[in-house]
Amino acid sequence: MAAASTMVGPSSETPSEEQLITQEPKEANSTTAQKQSKQRKRRCRGPRRCHANCRGDSFATYFSRVLKPVHQGLSLSQEAVSVMDSMVPNILDRIGTKAGRLARYTKRMTITSRDIQMAVRLLLPGKMGKFAESQGTNAALRTSLCAIWQQRK
């Protein structure tokens, strides 16, 4: 038994040439894999997100800002935010398409504020369309007045 343990067989601690040849590519592959993982880590660090991976524009940040002045104690669930986030681009797309169609009917190449007002009135039913139109008009007036005040200064 003692003789068997002292005998050095083919699987000894010194590797053969065949084992060295097969180990070199594995080591090279592992170092390139480590470099690639380091590069991936460099791209996205910490809580910051990669902008290339983000899915389009999101209006989720604005919902709470708009809701706060109207109803201070209320908040939106994730599901409600998701529904609103899918609804807003849909309506904006519909308004833009309708306003473009109205501009084309009048043989113009530019969409004017009047086209957008008419598109909102046509798309949104009843009082909601009138309210949206008045809010949009007020926002446009505030923006133009702010621009005038800044030019005077």
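This report describes salt bridges, aromatic groups and selected residues in a predicted model.

## Basis of the values

The model is predicted, and local features need pLDDT of at least 70, while side-chain atom pairs count only at pLDDT 80 or more and totals for chains, interfaces and linings use all residues. Residues are numbered from 1 along each chain as its sequence is written, and side-chain values use heavy atoms, with hydrogens and water left out.

## Salt bridges

Side chains of opposite charge can pair when their charged atoms come close. A search of the whole structure returns 2 salt bridges, a salt bridge being a side-chain nitrogen of Lys or Arg within 4 Å of a carboxyl oxygen of Asp or Glu. In one of them, the side chains of Asp115 and Arg108 meet at 3.0 Å, N to O. Asp115 counts as buried because its relative accessibility is 5%, whereas Arg108, at 32%, counts as partly exposed (buried means under 20% relative accessible area, exposed over 50%, and partly exposed in between, with a 1.4 Å probe and protein chains only).

Glu133 and Arg121 also form a salt bridge through their side chains, at 2.8 Å, N to O. This pair links distant parts of the chain, with Glu133 in helix H6 (residues 126-152) and Arg121 in helix H5, 12 residues apart; helices (H or I, at least four residues) are DSSP runs, numbered from the N terminus. Glu133 is buried, since its relative accessible area is 19%, and Arg121 counts as partly exposed at 44% relative accessibility.

## Leu123 in helix H5

Leu123 lies in helix H5, which covers residues 113-123, and counts as partly exposed because its relative accessibility is 34%. Apart from neighbours within four places in sequence, Leu123 is in contact with Arg94, Ile95 and Lys98, where contact means heavy atoms within 4.5 Å. Leu123 and Arg94 are 29 residues apart in sequence, and their C-alpha atoms are 7.9 Å apart in space.

## Trp149 and the nonpolar patch

Leu145, Ile148 and Trp149 form a nonpolar patch on the surface, with about 320 Å² of accessible area together. Such patches are made of residues with over 30% relative accessible area and no salt bridge, nonpolar side chains (Val, Leu, Ile, Met, Phe, Trp, Tyr) being joined within 5 Å and like charges within 9 Å; the areas come from the Shrake-Rupley method with a 1.4 Å probe, and for residues only the protein chains shown count as cover. Ile148 is in helix H6 and, at 39% relative accessibility, counts as partly exposed.

The charged end of Arg152 sits over the ring of Trp149, 5.9 Å from its centre, a relation that requires NZ of Lys or CZ of Arg within 6 Å of the ring centre and within 35 degrees of the ring normal. The whole structure contains 0 aromatic pairs, for which rings of Phe, Tyr and Trp (its six-membered ring) must have centres within 6.5 Å, with planes under 30 degrees apart counted as stacked, over 60 as edge-to-face and the rest as tilted.

Notes: Helix = DSSP H or I, 4+ residues; strand = E, 2+ residues; numbered from the N terminus.
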